[in-house]
Amino acid sequence: MRISQASRVGSAGLLALVATYGIGRLAYGLFVPTFREEFGLSLDVLGFYASTAQAGYLVATVVTGVLTARFGPRVPVVSGCLLLAVGAAMTASAPGPVLLAAGIATAGTSAGGTWGPFSDAVDDQVPSSGSRRALALVNAGSPVGLVVASGLVLVAGDRWRAAWWVFAAIGLVAAAVTWRVLAPGTVGPVLNRGRPRVEWFFNTRSARLFVVAVGISITSGAYFAYAPDTAQDAGLASWIGPAMWAALGIAGAAVGVFGGGIADRYGLRGPLAVTLVLVGGPTLGLYVAPGSVVAALGSAALFG
């Protein structure tokens with residue numbers, strides 16, 4: 001059976017995002033209760049670790065744009081997958097807080113190398129008739145990665161280091177697959193259109209987008225870092241974190257595939273406003289109904 005180019009590129013993107021986004025960037029919150037107990041770290045310190053990973057992700061996103069323009073998508077994507085493998089291995093072998101922090105930051109940074117280049121790869125390697133299918137597969141990588149991470153955590157139990165070694169192996173497999181699937185070289189013709197002015201980035205229209213982006217990032221970052229720990233602190237069993245992330249991933253994948261159709265039908269403003277409410281509500285729900293399994297799982301599904 002011949003696999004279409006859309007399926008090849010899309011599946012490679014799904015695997016890369018499973019590794020770098022679902023695991024490297026979003027799975028950290030699953031391990032906050034374990035890291036608190038294992039290394040004696042406070043929530044403030046663990047929150048700083050999460051912030052360091054996000055800062056690395058932002059830097060990698062900028063660097064990725066330069067690398068993609070120069071070398072094409074294969075170099076940054078493979079580099080991101082290898083960063084995940086290295087960061088996960090450092091975390092798995094960390095004897096203390098210093099190497100743990102370095103591993104978490106490296107794994108979180110990895111996500112900056114994947115999504116943008118895959119958008120370019122789809123444009124360059126996939127016929128227009130299959131581009132939406134390819135991008136849908138790539139987009140599914142984050143929620144699928146959460147489900148994978150949740151399953152591994154449940155299976156590993158107290159052997160959390162084993163889960164991170166498996167994460168490292170997934171990163172290596174993703175690097176090998178994307179190296180083989182993505183074409184080398186630059187993407188399309190290089191057009192010299194000059195640099196946009198500062199006014200293109202900062203104006204009254206972009207200011208509103210920046211406010212929305214920062215607000216949703218703060219809320220999302222807090223939820224991904226602290227939601228499982230908050231549920232456990234309220235008296236729920238240790239399995240609640242992986243179960244919440246599984247619910248989040250499944251709901252995100254189930255609804256996310258319709259995102260394009262929703263925007264086509266209803267525009268951007270209304271769905272975005274609803275999304276902001278859905279992102280803020282679950283955080284509040286964890287405090288309104290602490291200790292409730294239904295509330296915790298419902299919160300995660302709504303957030304997803």
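**Note on a predicted helical model: salt bridges, core and surface**

1. Arg36 has a relative accessibility of 30% and therefore counts as partly exposed; buried means under 20% relative accessible area, exposed over 50%, and partly exposed in between, with a 1.4 Å probe and protein chains only. The model is predicted, so local features need pLDDT of at least 70 and side-chain atom pairs count only at pLDDT 80 or more, while totals for chains, interfaces and linings use all residues. Residues are numbered from 1 along each chain as its sequence is written, and side-chain values use heavy atoms, without hydrogens or water.

2. The structure holds 3 salt bridges, each a side-chain nitrogen of Lys or Arg within 4 Å of a carboxyl oxygen of Asp or Glu. Arg36 pairs with Asp229, with 2.7 Å between the closest N and O atoms. Because Arg36 is in helix 2 and Asp229 in helix 11, this pair ties together parts 193 residues apart in sequence. Helices are DSSP runs (H or I) of at least four residues, numbered from the N terminus. Asp229 is buried at 3% relative accessibility.

3. Asp233 also forms a salt bridge with Arg36, the closest N and O atoms being 3.3 Å apart. Asp233 lies in helix 11 and Arg36 in helix 2, so parts 197 residues apart in sequence are tied together. Asp233 counts as exposed, at 54% relative accessibility.

4. Glu38 and Arg161 meet through their side chains in a salt bridge of 3.8 Å, N to O. Glu38 belongs to helix 2 and Arg161 to helix 9, so the pair ties together parts 123 residues apart in sequence. Both ends are partly exposed: Glu38 at 43% relative accessibility and Arg161 with a relative accessible area of 26%. Shared partners join Arg36, Asp229 and Asp233 into one network of salt bridges.

5. The largest nonpolar core has 69 residues, and those with the most contacts inside it are Phe31, Phe35, Phe118, Trp164, Tyr223, Met244 and Trp245. Such a core is a set of buried Ala, Val, Leu, Ile, Met, Phe, Trp, Tyr and Cys residues joined through side-chain atoms within 4.5 Å. Leaving aside residues up to four places away in sequence, Met244 touches Tyr223, Ala227, Pro228, Ala231, Leu286, Ala296, Leu297 and Ala300; contact means heavy atoms within 4.5 Å.

6. Buried residues in helix 12 include Met244, Trp245 and Leu248. Their cover includes helix 8 (141-156), helix 11 (204-233), helix 14 (269-288) and helix 15 (293-303).

7. Thr106, in helix 5, is buried with a relative accessible area of 18%. Residues up to four places away in sequence aside, Thr106 touches Leu83, Gly87 and Met90. Gly87 is one of the buried residues of helix 4.

8. On the surface, Val198, Trp200, Phe201, Phe202 and Phe210 form a nonpolar patch with about 600 Å² of accessible area together. Areas follow the Shrake-Rupley method with a 1.4 Å probe; patch residues have over 30% relative accessible area and no salt bridge, with nonpolar side chains (Val, Leu, Ile, Met, Phe, Trp, Tyr) joined within 5 Å. Helix 10 (residues 198-201) gives the most to this patch, with 3 residues. Val198, at 56% relative accessibility, is exposed.

Definitions and conventions
Helices (H or I, at least four residues) and strands (E, at least two) are DSSP runs, numbered from the N terminus. Patches are made of residues with over 30% relative accessible area and no salt bridge: like charges are joined within 9 Å, nonpolar side chains (Val, Leu, Ile, Met, Phe, Trp, Tyr) within 5 Å.
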